[in-house]
Amino acid sequence: MRLLWLCNMVPGKIKEKLSAEAASGGLWVDHVLSGLRRQGLTIHVLCPGDGARGALDERCSYTTFREGLPYVYLPELERDFEAELKKFRPDVIHIWGTEYGHTLAMVNAAETLGLLGQTVISIQGLCSVYAGHYAEGVPYRVQREFTFRDAVRQDNILQQQTKFARRGELEIAALKKVRHVIGRTDWDEACTGRISPGARYHFCNETLREPFYAGQWQYAGCRKHRIFASSCVYPVKGFHYLLEAFAEVTKDYPGATLAVPGKSFLTADKLRRTSYQKYLAALARKYGVADKIEFLGSLSAAQMKEAFLEANVFVLPSTIENSPNSLGEAMLLGVPCVASDVGGVANLMTHNREGYLYQSSAPYMLAYYLKRVFAMGDGAKALGASAKAHAAVTHDPEKNLRELIAIYHDLA
């Protein structure tokens, strides 16, 4: 079988070929690609870059393509993809994600060449839906505010939301044409069904980054009363809600700490900070928790794994998600988890048995469950064990690989 992949990221092995620097820790897509390469398929990968071509071996080649802004459609990319399709002659075209304009370019190229029946899109997030949830809980005065950086880039919170909506328009155009989608949650099935009721929905769970399949959280080895969240970059990640909840937690657990990857929004350069960073800094100072937040910088997969294992609890406070990889990774390691009940999260974790789910706009309930996990002490390992067992099924690499290959054979 000849399989063409269109990715919105550069797989690690290809990154190693393109650069003298080693790939940083691996991506979830690397794990899937590694499995497919063992099956003897002939694979050609298209991914963002500067136009380089090459091969990993005699059965796996790649081409990188130049891409502009994700919310701007480039007709020339459609023509480039047509040329790639004619040259490679795939039996199946697999597009990973809908969030970039290159997805519509590939769908249009496949339509021109009569290959739509062999084309499938994997749903990751859905910008057209995310846009409506983008700034939930952020005051409108903050949404419309401009920092110096926002003014230069024309990229304040409202403008970011508009860009998501514009990406969503390209996404909808692609989904309305495509005949096959791959999803894994009630949420993505419902959303794609509304957009493209005629498309066939194929179920296939997601395989995560390889390092997270080994390791086990232990209460004795964690930093007590430490909360770990995976992102504070965009409003959709709900860190503003988490800060409010954290302030409540510290009333009962004054030694509690909150850790998050990335640069500090408390010390961000005033010329470069976003209005959201400015808002988070103001909230942290208002709630008196600024000195209790630890910023971990950019983390490799190994470092992210260590951050999970050091935490007493992992929290996902997002305003919308499909099936967040960070939650899956935490569950695979057996970390006690508290997550907002949004999107497809309930398909990943069962409330009260494998962790705790709460209404995303109710930070007081987030605080309640965080304190409940702390109060459990070593008993929280039972939650983690149940979560690990569920995640082992959801993210089973061999099972997911078999199901993906079965979908490919169906399309071919």
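1. Does Asn322 count as buried or exposed? Asn322 counts as buried, because its relative accessibility is 1% and the cut-off for buried is under 20%. Note that this is a predicted model.

2. On the chain, Asn322 sits in a loop, with strand E12 (313-316) on one side and helix H13 (325-332) on the other. Its side chain makes a polar contact of 3.1 Å with the side chain of Asp188.

3. The cysteines come next. A disulfide is a covalent bond between the sulfur atoms of two cysteines. In the whole structure, a search finds zero disulfides. For Cys191, the closest cysteine sulfur belongs to Cys127 and is 12 Å away, so the two are too far apart for a bond; the cut-off is 2.5 Å. Cys232 is in no disulfide either, as the nearest cysteine sulfur, in Cys337, lies 19 Å away.

4. The last point concerns the surface. Phe148, Val152 and Leu271 form a nonpolar patch there, and together they have about 330 Å² of accessible area. Of these residues, Phe148 is placed in helix H7, which covers residues 148-153.

Definitions and conventions. Residues numbered from 1 in each chain as written. Predicted model: local features only at pLDDT ≥ 70, side-chain atom pairs only at ≥ 80, totals over all residues. Heavy atoms only, no water. Helix = DSSP H or I, 4+ residues; strand = E, 2+ residues; numbered from the N terminus. Buried < 20%, exposed > 50% of the residue type's maximum accessible area, 1.4 Å probe, protein only. Polar contact = N/O pair within 3.5 Å; in protein donor to acceptor, adjacent residues only side chain to side chain. Patch = residues over 30% accessible without salt bridge, like charges linked within 9 Å, V, L, I, M, F, W, Y side chains within 5 Å. Areas by Shrake-Rupley, 256 points an atom, 1.4 Å probe, with all protein chains shown as cover. Salt bridge = Lys/Arg side-chain N within 4 Å of Asp/Glu carboxyl O.
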